[in-house]
Amino acid sequence: MPDAAGNGCAATAPRIPVGWRTSSPQAALAFIPPEPLATESGGDDLLSRLVRIRAPYDLRLRVSPPGHKPQGFARIGKESSISEGAFRGLVTPIAPHAQRRPDVMAVQIALNLRFITDAPCTMELMPPFLSANFRRWPGPIVSGRFPLTDWPRPLNAVIEWQDRDRDLVIKRGDDMAYVRFHFEDPAALPEIVEAADTPALRRHLARIDDVSSVGRNVRPMFAEAAARRPARLLVPKEISAPAW
Amino acid sequence: MYSSTERCPVGYCFAEDESAFAYQPPRIVIEGRQRPAGARAIQNCPAVNSLERQLIELPSPVNLRLRMKIAGPGKAEIGVVQKGTFVEPARLQKMLTLAPPPAWPHPQRPLLQLRLPYFFVTDDAAMASMLPPFFTSAMRRWPGLMQPERWPLSIWPQDLIWTLEWQDPDGELQLKQGEPLGYLHLEFNRPDKRPDLVEAALTPALAEYRAGMDQVEAITDQIEEIWDTAGTRRPARLLTPLDETADA
């Protein structure tokens with residue numbers, strides 16, 4: 001039986017530290033720290049479990065019309081604060097044979113973010129389904145669930161373009177994705193902190209990155225990562241700005 | 001982890017036998033997918049599959065086309081568009097209502113409530129959430145936002161009320177029978193557990209327990225306290241698969 005006590009009561013729920021880091025240090029201060037939809041005073045149980053990842057730029061992204069070969073996409077410069085160079089660094093097409101359906105094009109937007117925790121935790125990535133802006137999107141993002149503790153992988157929003165006549169229009173601050181953390185205790189809530197860079201973390205992350213370009217079956221890799229994981233990956237970053 | 005070896009039986013149960021064959025049963029999201037085009041296709045991503053095994057689609061019981069007449073703060077009336085609405089008005093009245101205005105998140109945004117004909121029951125430790133059907137294009141055309149919720153399913157096999165916060169006064173809501181109205185998302189006490197859907201019988205024990213849940217909000221708003229109590233008074237077995245009840 002789940003322990004119902006504390007469920008729905010965000011103020012008394014146990015807190016488990018979950019760290020975040022940008023994948024690249026470059027322009028990291030332009031990216032917005034992830035945060036729960038509701039803070040502890042906000043009350044609603046589910047909303048304090050959903051953590052929003054927000055866009056740091058304005059972007060209008062358009063894809064080629066159906067049937068156009070080769071399929072492609074472009075940033076509309078007038079409504080995009082992100083430079084063409086930065087855009088190319090973050091946005092890549094999904095090859096047609098990797099799409100879910102031949103008629104639904106998919107485009108990957110790197111979120112430049114990953115989460116790190118030392119507690120047993122499963123993480124889910126989903127579209128920002130409670131955000132008003134999401135209803136204007138051309139499609140959802142590819143959503144997934146994976147063992148975060150051993151596998152702190154970088155996150156991507158892969159948009160599946162179900163409505164080809166719609167552009168993806170993003171403004172700085174808009175929700176790009178939601179993540180949810182599941183711990184052993186169903187009442188536990190994440191305590192989101194910025195993670196410090198440590199040699200142990202750097203080594204572990206390097207061993208995870210891009211494994212799917214080497215092998216397809218990641219399940220044995222999860223076991224390998226669990227066996228060779230350092231005991232501690234998350235060291236909260238010490239934060240202090242001089243006071244006036 | 002994620003070898004998905006252990007399946008937890010999760011029952012869906014029609015609250016009434018009357019016309020139950022008219023409704024589609026819930027289904028697990030991964031079962032409705034197309035074949036992958038290649039080895040690197042999205043359908044072969046283990047993270048995608050892991051999530052799609054946990055999500056259960058909640059099919060709409062009816063074809064429905066609605067508008068909302070908003071006359072002022074706290075004043076609204078459901079307008080049924082006959083073309084596109086098949087269900088008989090008397091039947092519709094029983095399943096479709098507006099929440100009382102004090103419950104609305106905003107005086108100009110009515111809460112529309114559609115009672116689903118089925119509920120879920122399980123004897124495994126499980127938390128459930130009801131989420132908008134975010135993989136569908138239909139939800140992006142709804143005139144508002146479906147209200148999500150999370151509750152301890154093991155001790156609380158409650159009726160499912162699909163609730164939409166109507167935000168666009170000029171918008172129209174179109175629901176097609178069988179299309180997902182939402183997702184039931186399950187969390188078990190171990191990450192490698194996944195739901196196995198079975199049709200559940202409305203046994204006397206289940207009916208009595210659900211009667212104990214009925215109308216508790218008319219008595220108290222201390223729902224968490226009631227959940228604690230429910231855990232101490234729950235029968236050991238609430239889920240009986242329908243196919244085990246041939247003689248019952």
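How many residues does the contact take from chain B and from chain A? The contact takes 40 residues from chain B and 38 residues from chain A, two residues being in contact if their C-beta atoms, placed from the backbone, lie within 7 Å. On the side of chain B that touches chain A, at least two residues each are supplied by helix H1 (46-52), strand E8 (126-131), strand E10 (149-151) and helix H4 (223-233) of chain B. H1(B) gives the largest share of this side, 5 residues. By class, the side of chain B that touches chain A comprises 23 nonpolar, 10 polar and 7 charged residues; Ala, Val, Leu, Ile, Met, Phe, Trp, Tyr, Cys and Pro count as nonpolar, Asp, Glu, Lys and Arg as charged, and the others, Gly among them, as polar.

The structure is a predicted model, in which local features need pLDDT of at least 70 and side-chain atom pairs count only at pLDDT 80 or more, whereas totals for chains, interfaces and linings use all residues. Residues are numbered from 1 along each chain as its sequence is written, while chains are lettered from A and ligands numbered from 1 in the order in which they are written. The model has an ipTM of 0.88 and a pTM of 0.90. For chain B, the average pLDDT (the predictor's confidence in each residue, from 0 to 100) is 92, and 97% of the residues score at least 70.

Chain A contains 3 helices and 14 strands, defined as DSSP runs of H or I with at least four residues and of E with at least two, numbered from the N terminus. The radius of gyration of chain A, taken over C-alpha atoms, is 19 Å, close to the 18 Å of the globule rule (2.2 Å times the number of residues to the power 0.38) for 244 residues, so chain A is as compact as a globular protein of that length.

E2(A) is joined to E3 (residues 50-54) of chain A by 2 bridges, and A:Glu35 lies opposite A:Arg52 in E3(A).

Methods: Pairing = 2+ DSSP bridges.
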